[in-house]
Amino acid sequence: MENLKYKEYTEEENLIYDEAISKIKEGLKNGLKFNEACSIVNIEDAEFKRLILDDALKIMIADMHYTKGMTLKQVADTLRVPIIAVDRANNEMLEDVGISAAEFYKLSNPGNPIGSA
């Protein structure tokens with residue numbers, strides 16, 4: 001398993017991130033499609049914007065699917081995005097959770113192997 005490193009945001013980036021996620025959520029509450037809500041986010045750094053938009057979709061999946069019990073198809077229909085995009089984001093999210101859980105286990109149990117040997 002790779003040692004995955006997540007980007008640590010500066011205080012300013014955290015503010016930009018939080019504001020962007022809030023704008024997207026507000027746009028969705030006001031009836032915008034997911035992509036329309038994302039289009040109101042104006043961030044010059046294309047890579048940073050892509051990370052935020054990817055996270056926004058994952059946040060919506062976590063809320064709608066894992067918290068509210070909607071199927072992934074219902075999430076896709078509600079957000080009006082292709083099911084393949086929802087499936088891909090969900091799979092990435094589950095992979096991230098698995099990596100994070102393994103890293104937490106390693107830190108909590110130094111010297112113990114992960115899984116069966």
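Me: What are the ground rules here?
Reply: The model is predicted: local features need pLDDT of at least 70, side-chain atom pairs count only at pLDDT 80 or more, and totals for chains, interfaces and linings use all residues. Numbering runs from 1 along each chain as its sequence is written, and side-chain values use heavy atoms, with hydrogens and water left out.

Me: At what angle do helix 1 and helix 3 cross?
Reply: Roughly 50°, with the axes of helix 1 (residues 11–29) and helix 3 (residues 46–67) coming within 10 Å. Helices are DSSP runs (H or I, at least four residues), numbered from the N terminus. Axes are lines fitted to C-alpha atoms over the stretch in contact, with angles from 0 to 180 degrees between N-to-C directions.

Me: Which residues of helix 3 make the contact?
Reply: Phe 48, Ile 52, Leu 53, Asp 55, Ala 56, Ile 59 and Met 60. Contact means heavy atoms within 4.5 Å.

Me: New topic. How many residues are in the largest nonpolar core?
Reply: 27, and Ile 24, Phe 34, Ile 61 and Leu 79 have the most contacts inside it. Such a core is a set of buried Ala, Val, Leu, Ile, Met, Phe, Trp, Tyr and Cys residues joined through side-chain atoms within 4.5 Å.

Me: Which helix gives the largest share of this core?
Reply: Helix 3, with eight residues.

Me: And what does Phe 34 touch?
Reply: Its partners include Ile 24, Leu 28, Leu 53 and Val 81, not counting residues up to four places away in sequence.

Me: Is Asn 90 buried or exposed?
Reply: Buried, at 6% relative accessibility. The cut-offs: buried is under 20% relative accessible area, exposed over 50%, partly exposed in between (1.4 Å probe, protein chains only). Asn 90 lies in helix 5.

How values were computed: Helices (H or I, at least four residues) and strands (E, at least two) are DSSP runs, numbered from the N terminus.
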